[in-house]
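Subject: Two-chain model, handover and notes

Dear colleague,

Here is the model for your files. My notes follow directly below it.

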Amino acid sequence: MFWEYRLVLLRGLAFNAYVFLAAAAVALSVGLIAALLRINRAWPFRWIGTLHVEVFRNAPDYIMVVWVHFVLPLLLGAAIGRRIEFHPFVSAVIALGFVYSGYFAETFRAGIQSIPLGHIEAGRSCGMSEFLILRRVVLPQVVRRMLPEAINQFVSLFKATTIVSLIAVPDLMYQVSMVIQQEMKPLPLYTSAALTYFAVIYVVAGLVRLLSERWRNRIYA
Amino acid sequence: MDAIPAIRVVDIRKSFGTLEVLRGVSFDVHRGNVVSMIGASGSGKSTLLRCINRLETPSAGEVYIDGEPMGAVEGRDRPLSEINRMRRDLGMVFQQFNLWPHMTVLGNVIEAPIRVLGMSRKAAAALGEECLARVYLSEKAREYPARLSGGQQQRVAIARALAMRPKAMLFDEPTSSLDPELTDEVLTVMRELAKAGTTMIVVTHEMGFARDVSHRVLFLHNGQIEEEGSPAQVFGNPKSDRCRQFLSKHLQ
C-alpha cells in the first residue's frame, strides 16, 4: 500500500526537507542575532534579545504556524491597507524558523559565553577587530561546542515540520492523510509514515553525529 | 638612547569601581630594552601591562608608542578601530597562553598576519615558519594546541605575537601557570629575544630572569612604583623596605 504511493509520498518527504532546510536557515540566523543581542552590553538590546527568546521558546509550534498563516497576514494587511496572503510554505518556514530561533539563540548564547575571555583578548592584542574575532575565533569554537545540542534541536525541528500539513503544505503527513481518505486504511499508512520519519531521522542524525564527533574532538584531544 | 622612547607611560591611573588599582605610574622603555615589573600579587603590575595595550582602559594618564598617544588622537578619544591598529605594534603573551584551540599551531601564528596585516597566505606561512623556528617548534606547525605541553603552547603564543612584527613585546607572567620543569624552555626563548634586541616589558615572578636580563626593574606596590633602577641597584641595594622584604621572600 505504502509502496504503491511511493512517488507521491516521496514528494511529500521532499517537502518536509525543504521546510526543514529553510526553517533551519531562518532559525540559525535569527537565533544568532538574538544571542548577540542578549549578550550585548547595552540593556535595550539585551532586553529585545531576552523578549525574543522568551516569546518564541514558550510558544507552541502548532499555534505559531496557525497564527502566522491566518493572523499575521490580516495584521500586515491592515497595516498597509491591502489584502495579503502567505503561501503555506512561507508561513511554515517563518513560524518554525522563529520558534526554533528561540532555542538556537540560547544554544548560541551559552556557546559564546563558554569561550574563555583570554581567547578574545589574544585576538584584540593582535589588532583584530571585534567582528573578526567573532567570526574567526569565537563562532568556529561555538559551532563545535554546540553541535551535539544543535543536532537534537534539528531533530525536533524536522519532526515539527510534520505539523505544516495543517496549513496544507503538501508534506509527507499531508500526502498520507490524502491517501488515507481514498483508501480508508489508516493503520498501515500511518504506521509506515511513522516508520519512514523514524528511519530518516535516525539515519541522518546518526550520520551527522558520527561525522561531527571526529572534527570536534580534534581540538580537545 | 633615542630621544623618543618606544613606550612612554605617563601617570596611568586605573580604578575598578571604588578600588584604585593604579595610582599614577610613569616610566619609559627605550628601544631594545627589557623592563621587568615585579611585586606582590595585587600590586597592579598585570593591570598596568594591560593598560599599555588597552585591554583595560586607564582611568587617567596616557601611553605613547613611539611618541604616538594610544588613547587620544588629535585631542579626541581614539576610536576602537584606531586602537586596534596601534595594538599591532604591541605583541602580548598571556599567563594562560590563550591559543585558539580550533586552529593548528601554524594557523594560530599566521591568523593575524593574514587577516589584520593582509599578507598573502604564502608569505604569512613563510613568516610563521620563521617565527616558529625562533621558538624551536618548527616540527609542531601542523599540530593542534591541545596536543602540546604548556611550555610548548606558551612558545607558540610567543611566535604568534612575534609574527605581527611588533615594536615591543608585553609578557604577563608568562611562566606562572607552567610546571617548574617547563619554565626554562620559555625563559630561554625570552632570553634570546632580549639578546636579539627586542623591546620587552615583562611582568614576572622569576627573579633570576629579572636580574639577569632586564635593563631596568620596577617594583610595584599598591598601584605605584615603589622602587626602580638597574637590576644591580634594585636587587643589590634596594632603598625601600617593602622592596627589601619582597625580595628576601622571593630570593631564596
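Ala160(A) sits in helix 6 of chain A; helices (H or I, at least four residues) and strands (E, at least two) are DSSP runs, numbered from the N terminus. With a relative accessible area of 7%, Ala160(A) is buried, where buried means under 20% relative accessible area, exposed over 50% and partly exposed in between (1.4 Å probe, protein chains only). Leaving aside residues up to four places away in sequence, Ala160(A) touches Asp61(A), Leu96(A) and Tyr100(A); contact means heavy atoms within 4.5 Å. Ala160(A) and Phe20(A) are 140 residues apart in sequence, while their C-alpha atoms are 8.7 Å apart in space.

Some conventions before the rest. This is a predicted model, in which local features need pLDDT of at least 70 and side-chain atom pairs count only at pLDDT 80 or more, while totals for chains, interfaces and linings use all residues. Residues are numbered from 1 along each chain as its sequence is written, chains are lettered from A and ligands numbered from 1 in the order in which they are written, and side-chain values use heavy atoms, with hydrogens and water left out.

Chain A overall

Chain A has eight helices and zero strands, so its elements read α-α-α-α-α-α-α-α from the N terminus on. Along the principal axes, its C-alpha atoms fill a box of roughly 70 × 55 × 25 Å. Of its 221 residues, 44% are buried. Among contacts in chain A between residues at least 6 apart in sequence, 75% join residues at least 24 apart. The chain exposes about 11,900 Å², and carbon and sulfur atoms supply 69% of that; accessible areas come from the Shrake-Rupley method with a 1.4 Å probe, and for residues only the protein chains shown count as cover. Chain A carries 20 positive and 11 negative charges, with mean positions 7 Å apart. For this count Lys and Arg are positive and Asp and Glu negative, with His and the chain ends not counted, and the place of a charge is NZ of Lys, CZ of Arg, CG of Asp or CD of Glu.

Helix 5 of chain A

Helix 5 (residues 117–125) of chain A is mostly covered, with eight of its nine residues buried. These are Gly118(A), His119(A), Ile120(A), Glu121(A), Ala122(A), Gly123(A), Arg124(A) and Ser125(A). What covers them? The cover includes helix 6 (130–160) of chain A, and from chain B helix 1, helix 2 (80–87), strand 8 and helix 5 (150–162). After helix 5 of chain A comes Gly127(A), with a positive phi near 85 degrees.

Chain B overall

The secondary structure of chain B comes to nine helices and twelve strands. Its C-alpha trace spans about 55 × 50 × 40 Å along the principal axes. The radius of gyration of chain B is 18 Å, which agrees with the value near 18 Å for a compact globule of 252 residues; the radius is taken over C-alpha atoms, and the globule rule is 2.2 Å times the number of residues to the power 0.38. Buried residues make up 56% of the chain. The accessible surface of chain B is about 10,800 Å², of which 46% belongs to carbon and sulfur atoms. Its 32 positive and 30 negative side chains have centres 3 Å apart.

Helix 1 of chain B

Helix 1 (residues 45–52) of chain B is largely enclosed by the rest of the structure, because seven of its eight residues are buried. Among them are Lys45(B), Arg50(B) and Cys51(B). Just after this helix, Arg54(B) takes a positive phi of about 65 degrees.

Loops of chain B

His102(B) lies in the loop between strand 8 (90–93) and helix 3 (105–115), and at 9% relative accessibility it counts as buried. Its side chain reaches the backbone oxygen of Arg136(A) at 2.8 Å. Not counting residues up to four places away in sequence, His102(B) touches residues including Val137(A), Pro140(A), Ile219(A) and Tyr144(B).

Phe97(B) lies in the loop between strand 8 and helix 3 of chain B. Phe97(B) is not a glycine, yet has a positive phi of about 65 degrees, and is buried at 10% relative accessible area. Arg165(B), in the loop between helix 5 and strand 9 (168–172) of chain B, also is not a glycine and has a positive phi of about 45 degrees. At 57% relative accessibility, Arg165(B) counts as exposed.

Regards

Conventions
Polar contact = N/O pair within 3.5 Å; in protein donor to acceptor, adjacent residues only side chain to side chain.
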